[in-house]
Amino acid sequence: MPHNANRIGTRGESIFLTRILEGTIIDDAFFLGEKAEAVDFLCQIYDNQNIYSFKIQVKATTLGY
């Protein structure tokens, strides 16, 4: 069984990915893995001629908002 902090982090990343892709203008979100220390996801927005990219770090807690 993984360490409790790892489970919380993995759950937070899963929630983020689900919510960022539903009903938003974000077209793609790629998990960068645990090798990227300060960044968790690379997100992209497409328009007719350009691709806009940005990186997101996800933090999770059991305390709520």
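## Starting point: Phe31

Phe31 is partly exposed, because its relative accessible area is 43%. Buried means under 20% relative accessible area, exposed over 50%, and partly exposed in between, with a 1.4 Å probe and protein chains only.

## Model and confidence

This is a predicted model, in which local features need pLDDT of at least 70, side-chain atom pairs count only at pLDDT 80 or more, and totals for chains, interfaces and linings use all residues. Residues are numbered from 1 along each chain as its sequence is written, and side-chain values use heavy atoms, with hydrogens and water left out.

The chain has a mean pLDDT of 86. That score is the predictor's confidence in each residue, from 0 to 100. A value of 70 or more is reached by 94% of the residues. Confidence is lowest in helix α1 (residues 4–21), with a mean of 88. It is highest in strand β3 (residues 51–56), at 94.

## Overall layout

Helices (H or I, at least four residues) and strands (E, at least two) are DSSP runs, numbered from the N terminus. From that terminus on, the elements run α-β-β-β.

The C-alpha trace spans about 45 × 25 × 20 Å along its principal axes. The chain has 65 residues, and 23% of them count as buried. It exposes about 5,400 Å², of which carbon and sulfur atoms supply 53%. Accessible areas come from the Shrake-Rupley method with a 1.4 Å probe; for residues, only the protein chains shown count as cover.

Contact means heavy atoms within 4.5 Å. Among contacts between residues at least 6 apart in sequence, 22% join residues at least 24 apart.

## The sheet

Three strands form an open sheet in the order β1-β2-β3, with antiparallel pairing. β1 (28–31) and β3 stand at the edges with a single partner strand each, so one side of each is left without a neighbour in the sheet. From one strand to the next, the twist averages 20 degrees. Two strands pair if DSSP finds at least two bridges between them.

β1 and strand β2 (residues 41–46) pair in the antiparallel sense over four bridges. Here Asp28 stands opposite Gln44 in β2. β2 and β3 also pair in the antiparallel sense, over six bridges. In this pairing Cys43 stands opposite Phe54 in β3. β2 and β3 form a hairpin, with four residues between them.

## The helix on the sheet

Where does α1 pack? Helix α1 packs on the sheet and touches β1, β2 and β3. Its direction makes about 165 degrees with that of β1. Axes are lines fitted to C-alpha atoms, for helices over the stretch in contact, and angles run from 0 to 180 degrees between N-to-C directions.

Arg7 is found in helix α1. Arg7 counts as partly exposed, because its relative accessibility is 37%. The C-alpha atoms of Arg7 and Ala60 are separated by 9.8 Å. These two residues are 53 apart along the chain.

## Aromatic pairs

Rings of Phe, Tyr and Trp (its six-membered ring) pair if their centres lie within 6.5 Å; planes under 30 degrees apart count as stacked, over 60 as edge-to-face and the rest as tilted. By this rule there are two aromatic pairs. In one, the rings of Phe16 and Phe41 have centres 4.8 Å apart and planes at 45 degrees, so the pair is tilted. It links distant parts of the chain, with Phe16 in helix α1 and Phe41 in strand β2, 25 residues apart. Phe16 is buried, because its relative accessible area is 16%. Phe41 counts as buried at 2% relative accessibility.

Phe31 and Phe41 form a tilted pair too, 5.4 Å centre to centre with 55 degrees between the planes. Phe31 lies in strand β1 and Phe41 in strand β2, ten residues apart.
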